[in-house]
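Here is a short tour for you to follow with the model open. Take the points in any order you like.

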Amino acid sequence: DTAGGGIAPYDPADGAADLLLISVAAGAERELPHAFAFAGELAVSAPAISAGLSEIAVLGDGDFQVFSAALPFPVLLRRGPLAERMALLAEWLPELRRRYPKLDAVDLRFPRRMILVPGEAPPSAAPDDRKVRSARWQSPSSTS
């Protein structure tokens, strides 16, 4: 609940539930109540992502991992204003889908930086294509 107390244990065997799952990393329990404010900020900044929101993982130190049916990968975000980061993700999303058939995560916690964690590389890709990539913010139309 909004005070950080559990509502009920989650059991996927009970069938589909229409509740947001909040998971908490060890040592980050004190930050659990911030997840609800974060979800509210996400609803304002990225309504489409928020509508498909299935889980927020509280990682600690103001960091969250977001899982949404609207995205083919989880997104790492830091607590604070999300509007600029969500707008840039929306701008880049078609290009990310085109260039990377599988991403394990996109990290947007740092100003003017997007860190991509590619998933399993296709058989034709070189082995170094699986390394973490970092790029400064630019419009996808200005890249080759």
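The structure, a predicted model, holds one aromatic pair. Phe 38 and Phe 64 are stacked, with 4.3 Å centre to centre and 20° between the planes; rings of Phe, Tyr and Trp (its six-membered ring) pair if their centres lie within 6.5 Å, and planes under 30 degrees apart count as stacked, over 60 as edge-to-face and the rest as tilted. Because this is a predicted model, local features need pLDDT of at least 70 and side-chain atom pairs count only at pLDDT 80 or more, while totals for chains, interfaces and linings use all residues. Residues are numbered from 1 along each chain as its sequence is written, and side-chain values use heavy atoms, leaving out hydrogens and water.

**The aromatic pair in context**
- The pair links distant parts of the chain, 26 residues apart: Phe 38 sits in helix α1 (residues 34–45) and Phe 64 in strand β3 (residues 63–68).
- Helices (H or I, at least four residues) and strands (E, at least two) are DSSP runs, numbered from the N terminus.
- Both Phe 38 and Phe 64 are buried, where buried means under 20% relative accessible area, exposed over 50% and partly exposed in between (1.4 Å probe, protein chains only).

**Helix α3**
- Helix α3 (residues 83–99) bends by about 45° at Trp 92, and Pro 94 follows within four residues; the bend is the angle between axes fitted to the seven residues ending there and the seven starting there.
- Among the buried residues of α3 are Arg 85, Trp 92 and Glu 95.
- Their cover includes α1, α2 (47–51), β4 (75–78), β5 (103–107) and β6 (113–118).

**The largest nonpolar core**
- This core has 28 residues, of which Leu 42, Leu 77, Met 86, Leu 89 and Leu 96 touch the most other members; a nonpolar core is a set of buried Ala, Val, Leu, Ile, Met, Phe, Trp, Tyr and Cys residues joined through side-chain atoms within 4.5 Å.
- Helix α3 gives the largest share of this core, five residues.
- Met 86 is in contact (heavy atoms within 4.5 Å) with Leu 42, Ser 45, Ala 46, Ile 49, Leu 77 and Leu 108, leaving aside neighbours within four places in sequence.

**Two single residues**
- Ser 68 lies in strand β3 and counts as buried because its relative accessible area is 7%.
- The side chain of Ser 68 reaches the backbone oxygen of Ile 49 at 2.7 Å.
- Gly 6, in the segment before β1 (21–24), is exposed, so take note of its 76% relative accessibility.

Conventions
Polar contact = N/O pair within 3.5 Å; in protein donor to acceptor, adjacent residues only side chain to side chain.
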